[in-house]
Amino acid sequence: MSAVVETGAQTYDCRVAFAEELIELARADERIVAVCNDSVGSSNLGGFAKEFPDRLINVGIAEQDMVGVGAGLALSGYIPFVCAAAPFLTGRALEQIKADVAYSESPVVLCGMSPGMAYGELGPTHHSIEDLAWLRAIAGLGIVVPADPAETRAAVRWAAGARTPVFLRIGRFKVPAVTGDRPFTFGRSSCLRDGDDVTVVATGTMVSRALQAAEEAAAEGVSVRVLNMSTIAPLDEEAIRRAARETRAIVTAEEATVTGGLGAAVAAIVVSDRRPVPMRMLGVPRQFAPTGDTAMLLEHFGLTAAEIRAAAVTLARSDA
Amino acid sequence: MLVADSSAAADWRRFRKELADAEPEHRREMLRRRANQSRTTDLAMIGRAGLGHVGGDMSVLDILTTLFFAVLRVDPERPDWADRDRLVLSKGHTAGALYATLSAAGFFGAEELETFAAPYSALNGHPNRVKVPGVETNTGPLGHGLPVAVGMAVAGRLAGSARQVFVVLGDGELQEGSNWEAAMTAGHRRLSNLTAVIDRNRLQQGARTEDTSALDPLDDKWRSFGWDVVTVDGHDHLALLEAFTATRGDRPTCVIANTIKGRGVSFMEDRVEWHHKVPTAEQISTAAAELAR
């Protein structure tokens, strides 16, 4: 079981797969509607709007209203995909997500577009690195971060039928295909590469980098397992416990703040074990990003294959 | 989830039929008595629980009573009926008034009211749709009801349903910007199946609305957002009934219901401290005597 990301492999904007799948589903189920905040373009809803003009509810630049309207539609039997740039969807409408969606058990599909640092030079106002931490604190809300186009399609298909509140983090920063034909199962991770020295638990844009890191670590004699943690909540605790049992250390990698994101979630499980293993959490530290494009910012914060490999190799060779 | 009380629901059906057949003045008297019974029930709940929002409960009860006992096409024994009218209580802190009303309509048994705010009760200090039939969405934080009601009205449109959506808002909560986002959406989309009812008692938690962040001219605000506006005496049941059932044009309707916080209890009326003060047993019995008139 191994997957290798070749250098120069084709990369994809997951919003394309998102929109194609949503349109396909909407053709078969007229309960599917899209709600957005003047983000028809950035949420890639142009095709949807053209084919289903009555089912695209653009409320304008009004995120609190947008999420409330989505809840009202969901509570009336519709399946709303509420789409907006992730920083504004989660930051501006956090209380609506808590009260109108999660607490009210409204089956809204919240679609956080262009998350992480996808908006690069537009700066920290437009970065969505806090979303995972904020949303993890909300009871009853599923959080899904697909790693590539195939998984995006599968997650969209699942969400349309789930009838449960969920947040999908839909990437804009281009990523290679990594999941192959592995099925997406909500609440479960998938093992993209087996290994017995160290486990890298990665999500979203970091998954392909983790696979590359594992390949490079193998050349140094370190065997790295790579888990694609595409559901952040509820977390696949079993896979994490198994990793802590079967490998000697865990590295987490996420394009999000390390204050409360995937790493913190994994650590909470690891330290509750009788014999915890050492961990390294890679992510954005508790600081605002400098000016730069996405690739540069990922480099700046050490969210690269090289840094993941270094963390894994260091942990494998330490006596901790 | 609580379950319907068939016998109370049958009484409610009889009441509605009798009301529909009654002369206007008798109608007014029937609704006045019904609302005051709910006020007495609510005061007892608050006294027992040692908490509640008594002032706003008293001011909104004529609105809620008129809606549930004369207007809304709902069925207490089928709370999930898809084509029912919707009532969203945006001012969720007046849950006590809603619970007293829902119970009187048979959505659940009156004995449940005794558990208001007690440990593990379905009747939280703010309403929960997952636990209480007749509650359409969970409210409590202010400024949430109108956007959700707009979504419900859009859904009614999409479904080609005749269902009407009503949302009851406090006046103080109009200071939340989310309301005006939603007011724009409703005006822009000409949601004529949506009615916002403002419980205009002019008091918020700490002071008068006009001394805090003034709302007037409130009717002009709504009109300029694309709504039809009608202003009524929020304690005149016939005026409310007429406003709620008038033929709609092609715009959403805002009913500004001028009310008195603490209405019906002389020592509470229009006094800011009764926002969430808890009456003593003696005060409750004085209030009950006034409300029985």
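## Legends to close-up views of a predicted two-chain model

**Figure 1. Chain B as a whole.** Chain B contains 10 helices and five strands. Its radius of gyration is 18 Å, close to the 19 Å that the globule rule gives for 293 residues, so chain B is as compact as a globular protein of that length. Taken along the principal axes, a box of roughly 50 × 45 × 40 Å holds the C-alpha atoms of chain B. The model shown here and in the other views is predicted.

**Figure 2. The annotated domain of chain B.** The UniProt record, an unreviewed entry, places the feature "domain: Transketolase N-terminal" at residues 34-284 of chain B. Helix makes up 37% of the chain over residues 34-284 of chain B, and strand makes up 12%. The end C-alpha atoms of this stretch are 18 Å apart.

**Figure 3. A cis peptide bond in chain B.** The bond from B:Asp216 to B:Pro217 is cis, and its omega is near 0°. B:Pro217 belongs to the loop between helix H7 (209-212) and helix H8 (218-224) of chain B.

**Figure 4. Chain A as a whole.** Chain A has 12 helices and 14 strands. The radius of gyration of chain A is 19 Å, close to the 20 Å that the globule rule gives for 320 residues, so this chain is as compact as a globular protein of that length.

**Figure 5. The annotated domain of chain A.** According to UniProt (unreviewed entry), the feature "domain: Transketolase-like pyrimidine-binding" lies at residues 12-177 of chain A. This span is 42% helix and 19% strand. Its end C-alpha atoms lie 8 Å apart.

**Figure 6. Contact between chain A and chain B.** Chain A brings 24 residues to the contact, and chain B brings 23 residues. On the side of chain A that touches chain B, the elements that give two or more residues are helix H3 (63-74) and helix H5 (94-103) of chain A. H3(A) gives the most to this side, with eight residues. Sorted by class, the side of chain A that touches chain B has 10 nonpolar, nine polar and five charged residues.

**Figure 7. Two crossing helices in chain A.** Two packed helices are described by the angle between their axes and the distance between the axes. The axes of helix H8 (residues 206-219) and helix H12 (residues 305-317) of chain A come within 8 Å, with a crossing angle of roughly 55°. H8(A) is therefore oblique to H12(A). The crossing of H8(A) and H12(A) is right-handed. From H8(A), the residues that meet H12(A) are A:Arg209, A:Ala210, A:Gln212, A:Ala213, A:Glu216 and A:Ala217. Their partners in H12(A) are A:Ala305, A:Ile308, A:Arg309, A:Ala312 and A:Val313. The residues of this contact divide into seven nonpolar, one polar and three charged.

**Figure 8. A cis peptide bond in chain A.** A:Ala233 and A:Pro234 are joined by a cis peptide bond, with omega about -5°. A:Pro234 is in the loop between strand E12 (231-233) and helix H9 (237-246) of chain A.

**Figure 9. A positive phi angle in chain A.** A:Asn44 has a phi near 60°, which is a positive value in a residue other than glycine. The loop that holds A:Asn44 runs between strand E2 (32-36) and helix H2 (46-51) of chain A.

Technical notes: Residues are numbered from 1 along each chain as its sequence is written. Chains are lettered from A and ligands numbered from 1 in the order in which they are written. This is a predicted model: local features need pLDDT of at least 70, side-chain atom pairs count only at pLDDT 80 or more; totals for chains, interfaces and linings use all residues. Two residues are in contact if their C-beta atoms, placed from the backbone, lie within 7 Å. Helices (H or I, at least four residues) and strands (E, at least two) are DSSP runs, numbered from the N terminus. Ala, Val, Leu, Ile, Met, Phe, Trp, Tyr, Cys and Pro count as nonpolar, Asp, Glu, Lys and Arg as charged, and the others, Gly among them, as polar. UniProt positions are given in the numbering used here, feature names are shortened, and annotations may be inferred rather than shown by experiment. Axes are lines fitted to C-alpha atoms, for helices over the stretch in contact, and angles run from 0 to 180 degrees between N-to-C directions. Angles under 35 degrees count as roughly parallel, over 145 as roughly antiparallel, 65 to 115 as roughly perpendicular and the rest as oblique. A crossing is left-handed if the near helix is turned anticlockwise from the far one by less than a right angle, and right-handed if clockwise. The radius of gyration is taken over C-alpha atoms; the globule rule is 2.2 Å times the number of residues to the power 0.38.
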